[in-house]
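Take a moment with the sequence and the model. The paragraphs after it walk through the structure step by step.

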Amino acid sequence: MSHRSDTLPVPSGQTRSQVLRDQSIYTQLLEVARHVQQTVREHFVQLNRQGLLQERRHTQAIREQEALLSHLLCQMINLLQSGATSGLQLQVPLPSEDSRGDVRYGQGTQLSGQLDPVPQLSDCEAAFVSRDLSNRGTDISALYQSSFQDYNAYQKDKYHKDKNTLGFINLGTSENKLCIDLMAERLQESDMNCVEEALLQYPDWRGQPFLREEVARFLTYYCRAPARLDPENVVVLNGCCSVFSALAMVLCDPGEAFLVPTPFYGGFAFSSRLYAKVQLIPVHLESEITVIHTYPFQLTVDKLEEALLKARLEGKNVRGLVLTNPQNPLGDIYSPDALMKYLEFAKRHDLHVIVDEIYMLSVFDESITFHSVLSMTSLPDRSRTHVIWGTSKDFGISGFRFGALYTHNKEVASVVSAFGYLHSISGITQHKLCQLLQNTEWIDKVYLPTNRFRLREAHKYVTAKLKALEIPFHNRGSGLYVWINLKKYLDPCTFEEEQLLYRRFLDHKLLLSCGKAYMCKEPGWFRLIFADELPRLKLAMRRFCEVLEEQKQDLIVKQLEDAMRE
Amino acid sequence: MFTLPQKNFRAPTTCLGPTCMQDMDSSHGDDLEGECSRKVDQKLPGVGDPAMLSSGTSYLSSRGRMIKWFWDLAEEGYRTYHMDEYDEDKNPSGIINFGTSENKLCFDLLSRRLSQSDMQWVEPSLLQYPDWRGHLFLREEIAKFLTFYCKSPVPLRPENVVVLNGGASLFSALATVLCEVGEAFLIPTPYYGAITQHVCLYGNVRLAYVYLDSEVTGLDTRPFQLTVEKLEMALREAYSEGVKVKGVILINPQNPLGDVYSPEELQEYLVFAKRHKLHVIVDEVYMLSVFEESVGYRSVLSLERLPDPQRTHVMWATSKDFGMSGLRFATLYTENQDVATAVASLCRYHGLSGLVQYQMAQLLRDRDWINQVYLPENHARLKAAHTYVSEELRALGIPFLSRGAGFFIWVDLRKYLPKGTFEEEMLLWRRFLDNKVLLSFGKAFECKEPGWFRFVFSDQAHRLRLGMQRVRQVLAGKSQVAEDPPSLSDPGAK
């Protein structure tokens, strides 16, 4: 329960009240809601970890946490009832929203009767833990809602240049929106539309043979594989997160772990935990450049060794290492030498390596050469090296739901295909994907040059703005994002302040991702997606500047007040 | 939550059993763990005994090894069929598939409809991350579609709809969000065996069987009738074994019986579930494949008042009714927003392409085509195929069940098994396969009486003729074999 003091949202401390003073009830409410969700999440994590689900009622610690939850909920209700919110368009995903018009809640609930200063609260409290869901169902729901609530708010209130000029602009979700015109045109060509009997019948659960052949050929060519890749080593599923989830299931037993250099794409945490109950152990990287680290957030074998040793001392069974190359959110690319060292480290310790190369064709700086792990002439441990790729990022079609696994290990390929029927892709979509990947001429001559050019231009625009604002950023010419450092806008430099700044961006209808979501250990980092159309990007950057200006003013006032008090 | 995988897999009698794969790939036909080890020696020299899985040089976790072991068994049958699939021109002596429940009668209609220009629409939002519940335009269309075809007394609501990539995913998701590891759903048997696998692979949920009998006695008015008494008994039994039951799965129209539940029966089952606070998952994936109008099918969504609407969850998909199992589209309808939201939370892993979602919306919206072209033609063809196969069976003097719903006939071949054992059932199944016709045997549906087989008849006439001819040959030969017991005791008989 050591986290309790951190999560207490009560604006009682001097600093907090100062920060919150100028903020609307709306923001406060959001803030409390965030804390509630955080606490719920930790609550369940705690329950899972200790295996206490059966005897939860008897555990003092759990009861305390539930009391805290109850208390937080009261606060939210009080804020809501304060009347100050009238006229505000609240978009907080309140728990009660999930139980609209539903009167069955209210008795026999898990939280009631613990700490109940507001009598009419019981319904709301009860709604928080549904009687109808299993504990893991509740956990999944809560986890999802806390991860996606802002994304959902964006989905409901998207910016549109004519219809909704005040809507959200999303620079938080990693999507390439720069080449939709090319893709839409390509997908409407006649070769895309094919309805064959076999496409409408039960498929090969590893993926239709024609698509696996095409994926093998495509990866051989674009990853510059020294030898032709084998279609039998390919499994296609409906998205890379599905591939990752299936891999975690078959490579680890529940409670076992993967190492992952941090900051890392938060989706991995969700995917490994959701079904597989696999833990991710961060290998924390630092922004500072030292004698050993020649560039920020550099991954070294020493760090890997250190993290592995520490995890093993804690009794963790580490089964693998997860690498993303090009890196997300850093935009870094691993050199062949570095990559080789990581792979040798893994081999030394019998670790699997999952290499996610989903941004492999989104390297827009022409002076950089990306080296796929599949291009290596000799892999240190072929049977333990598994590559993930998909079309979501490189072709900007995340709505297609396609992810592929390439592994030299036939055993792994075969068992991942056992998950095929839970993660399968429509035959019609498989045909389209095959046509898309087949047309190397269009990809090489039309799509990739245009895509790289547009990425470069958008990147140039955003980084120029950042430079003008004197905001340090980290980007090495690949991916759809820049990793920016907003520490100077945080005082004190804490994750709480980071969260508040994130909220401030949201208040200005701008969605970004904050470093905490990538488990970054230094507060103040944000990931900003630049792969968006210029008019939208311009407006987004205007909002971005406004927020930072506002934040700066607040900091000045605060510093003045502090100085006067002294 | 972190139960040891060995325990998870051992506890349920047939959890992850290979036969449950059979509807998805082909009829393989092994079952029961006891039998598995015997088969391993015989048929799968490369695969180790599950007891030895913990040792060895595998790169997989023990969970992964267990999944692989079961999967390989299923794959073996899959490969057998696909390596020798019947083709009129290229492989006329290949295997005819009467085992997989697919409708192959209306591809001409479907391909024409799916090739129309409205199906080729591409717009940016379809290519980007979707609303994980399913695009709103599709959920709206589904709500209207179900309101109309399920004859719902009130308009159904799009917010109660969640879209996933197939019924398997939906079973998996519901099992995960409604049950803890090791908990169970009641299911009347015989049932579509693949569900075992669906609820187990990710969810680690098991099935508790409600065994039904073919014999008509006392209160039962027809064979394999489900009664509340049987439900109560199975529930008590599960509790006495320490298994916590969270819900009941009902398939209506029934697979493999081809039967439907009357509204009164349905109501009784729902009241039973409410009494015990059980969820009810009603799988109505064959709802538009009722080709005999006299059958009087009623969707659970047509009931005036559901006893426990918050615990009633309905499934439907296009796999069967629109003959598109390869399209991977299924939908959940539930008034319970907690359940809808929890299932949607898993949709990131079970989503389908935006372009396909658009196509589905177009298809479901086209009421004229569905009502005037597709359904009448589909029903006429199903009926003709059904008539052909059932007359063939009658001519052979073989009893069968089928009331005019679904793609299959539940055939009683007990008279061909002299001892009436599952071993004999398996041998007969193999004889069919050796004679190049693939069927599904009763054990795969957890039927407690050996000798029942499911015949899928929704196939082209020439394939049906050839398949039935092969069936006749086997049964004719089998009758002789049946008089010659020694060959039965030979397990290697081919």
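**A walk through chains A and B**

Start in chain B, at B:R133. Leaving aside its neighbours within four places in sequence, B:R133 is in contact with B:R139, B:E159, B:V161, B:V162, B:V163, B:Q337, B:A340, B:T341 and B:A344. Keep in mind that this is a predicted model. B:R133 itself sits in the loop between α5 (124–127) and α6 (136–149) of chain B. Is this residue buried or exposed? B:R133 has a relative accessible area of 15%, so it counts as buried; the cut-off is under 20%. One of its contacts is polar: a polar atom of the B:R133 side chain lies 2.9 Å from the backbone oxygen of B:E159. B:V161 is 28 residues away from B:R133 along the chain, yet their C-alpha atoms are separated by 7.5 Å.

Stay in chain B for B:K151. B:K151 lies in the loop between α6 and β2 (161–164) of chain B. Its phi is near 50°, a positive value in a residue other than glycine. B:K151 counts as exposed because its relative accessibility is 61%, and the cut-off for exposed is over 50%.

Now turn to chain A. Its secondary structure comes to 18 helices and 13 strands. Chain A has 566 residues, and 63% of them count as buried. Take the contacts in chain A with a separation of 6 or more: residues 24 or more positions apart account for 75% of them. Chain A exposes about 21400 Å², and carbon and sulfur atoms supply 51% of that area.

Several loops of chain A deserve a look. A:D204 lies in the loop between α8 (197–200) and α9 (209–222) of chain A. At a relative accessible area of 13%, A:D204 is buried. Its side chain reaches the backbone nitrogen of A:R206 at 3.0 Å. Next comes A:F297, in the loop between β4 (279–284) and α12 (301–313) of chain A. A:F297 is not a glycine, but it has a positive phi of about 55°. A:F297 is also buried, with a relative accessible area of 2%.

Where do cis peptide bonds occur? One joins A:T262 and A:P263, with omega about 10°. A:P263 lies in the loop between β3 (257–262) and α11 (267–274) of chain A. Another cis peptide bond joins A:D491 and A:P492, with omega about 0°. A:P492 is found in the loop between β10 (481–485) and α17 (495–507) of chain A.

Finally, look at where the chains meet. The size of an interface is often given as the accessible area lost when the parts come together. Here the area buried between chain B and chain A is about 8000 Å², and carbon and sulfur atoms give 57% of it. B:Y59, B:Y202 and B:Y349 supply 12% of the area that chain B buries against chain A, more than any other three residues. In residues, 86 of chain B are in contact with 93 of chain A.

How many salt bridges cross the interface of chain B and chain A? The rule finds one. The side chains of A:D132 and B:R311 meet in a salt bridge, at 3.3 Å from N to O. Between the two chains, 54 residue pairs are in polar contact. Several helices of chain B give two or more residues to the side that touches chain A, among them α3 (62–83), α4 (107–114) and α12 (337–345). The largest share, eight residues, comes from α3(B). The residues on this side of chain B divide into 40 nonpolar, 32 polar and 14 charged.

Note on methods. Residues are numbered from 1 along each chain as its sequence is written. Chains are lettered from A and ligands numbered from 1 in the order in which they are written. This is a predicted model: local features need pLDDT of at least 70, side-chain atom pairs count only at pLDDT 80 or more; totals for chains, interfaces and linings use all residues. Side-chain values use heavy atoms; hydrogens and water are left out. Helices (H or I, at least four residues) and strands (E, at least two) are DSSP runs, numbered from the N terminus. Buried means under 20% relative accessible area, exposed over 50%, partly exposed in between (1.4 Å probe, protein chains only). Contact means heavy atoms within 4.5 Å. A polar contact is a pair of N or O atoms within 3.5 Å; within protein, one must be able to donate a hydrogen and the other to accept it, and residues adjacent in sequence count only if both atoms are side-chain atoms. Accessible areas come from the Shrake-Rupley method with a 1.4 Å probe; for residues, only the protein chains shown count as cover. Buried area is the accessible area (1.4 Å probe) that two parts lose on being put together, summed over both. A salt bridge is a side-chain nitrogen of Lys or Arg within 4 Å of a carboxyl oxygen of Asp or Glu. Ala, Val, Leu, Ile, Met, Phe, Trp, Tyr, Cys and Pro count as nonpolar, Asp, Glu, Lys and Arg as charged, and the others, Gly among them, as polar.
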